[in-house]
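I opened the model today and looked up a few items. My entries follow the structure.

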Amino acid sequence: MPERVGTGWPTKVLEGAWPGRSTLQWTDGDAARGWAVLERVAAVAGLLILGLRINLPQGLTVGYAFALAFAPVWLSVVRRYRWAPTMFVLGVLMLLSGFVLTALSAQTHTISVRTLSGQVFLLIGTLAGAGFMLWTRSVIGVRWTVAVYAVGLLLGVSPNGALYDSNPWKYGYAAAASVLILSLAGVVRRRWGELLVLTVLAVVSSLTDARSAFGLLLLTILAVAWQMRPAHPKRSINAASTALAVAGIFVVVYNLGRALILDGYLGQTTQQRSIQQVHDAGSLLLGARPELGATVALMEHQPRGFGLGAVPNLQEILIGKSGMIRLGYQPNNGYVENYMFGSSFELHSIFGDLWAHYGVVGVAASILFVTAVVVRLVSFISTGKASAVLVFVAAQALWNVAFSPLYSSAAFLMLLLGLLWEERSPRTFALNGIPVARRPYTLSTGRNGRRGTGYPGQRRSSPRHRGL
């Protein structure tokens, strides 16, 4: 008897081209397997392209265009994650606020169309990339989503950067390599392995004058070690103790890192620069980031913000410089005049950039983002589900809110927004009209060495490989 062919789409029968030859038949199972392969290829390719950050005109990148082209695919997935739709609604409100502020600033400022388009594509592309990652989580799994994206970031490191030659690790490979190594270390799901890798990365950062990276890795070490303690049976008490522990870890890391730096354990160059910054600003953080002074001064001058594409005028440049002078920094240099206030407001922090471009809505977005990250991170740590790579990415993103520009922070921001949200319930799809539970795909193997897949009829991966 001829093989029975499924009745549901995609089912196809191709008549044999030669007499006497058997016909080529595709069953529902064959189609599902083929579609799963195509999904995986698209997911891996998209993540690599997003990480490479290949620039196109007007601020668009190939990765942003790829993610936007896949919008019909990942938009159907976004609504299944708690708070993820709110993220996109807030993005739309930010764009509306930015354009309103641009219209108001056009009366007193020059508006750069090129800068405006770059800022718009940066916001839209970051959100589209995060949505694409929510979809890839269901295709290749969370850990492989992080690892593949980190490979793209690593391949996208440019040796032509202004500071690359002075310190390739600090200004080139540190962040991407740390994410990739930690994501691979987490596959074995052994805390001691993550702690070992974190220790090695922290030592490398200390020897390469990467002060912020050293502090973030030290924080991650303590957060991972905290999860190895016996958990309290009551969830509320466990969460409260974890919240206090996270606050305590931050204080310990700051003071310990400050002491190590000022005592010269991270090198004489780092020690001398840090001592001078403390002397000038009274604080290691303020001395290292005098751009905060410019942000505060400009917010006092014009609380509403400036809008998309607005070019600073002479008065605003002088006001920004005065805020930096109050912190002991001498702002009469090319960095301030050409980068910070040359063609747009670049205030060297996500918070400052969002306020300058999107006004009060940008400030609200920053506050909501920090709150969501802290709440989710405490929840993961209190239940022992926070991997080293998740803690490190979250800590890096929180640091960037206050101390790194929006443009250079977009890669980590996109990754965290794609990892942070929890899926509401198991997803289903219809096979011949019958709803069937569809589990997330994963490239990791189960206990018997078989690969887990997401379509019916094949073995699912071991539970120990799911999640982050």
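I looked up Lys-321 and its contacts (heavy atoms within 4.5 Å). Leaving out residues up to four places away in sequence, Lys-321 touches Pro-331, Asn-332, Val-336 and Glu-337. This is a predicted model, where local features need pLDDT of at least 70, side-chain atom pairs count only at pLDDT 80 or more, and totals for chains, interfaces and linings use all residues. Residues are numbered from 1 along each chain as its sequence is written, and side-chain values use heavy atoms, with hydrogens and water left out.

I checked the side chains of Lys-321 and Glu-337. A polar contact of 2.7 Å joins them (a pair of N or O atoms within 3.5 Å; within protein, one must be able to donate a hydrogen and the other to accept it, and residues adjacent in sequence count only if both atoms are side-chain atoms).

Is Lys-321 buried or exposed? Lys-321 counts as buried because its relative accessibility is 9% (buried is under 20% relative accessible area, exposed over 50%, partly exposed in between, with a 1.4 Å probe and protein chains only). I found Lys-321 in helix 14, residues 314-325 (helices are DSSP runs of H or I, at least four residues, numbered from the N terminus).

I then turned to the whole chain. Of its 468 residues, 49% are buried. Of the contacts with a separation of 6 or more, 68% are between residues 24 or more positions apart. I read off 18 helices and six strands (strands are E runs of at least two residues).
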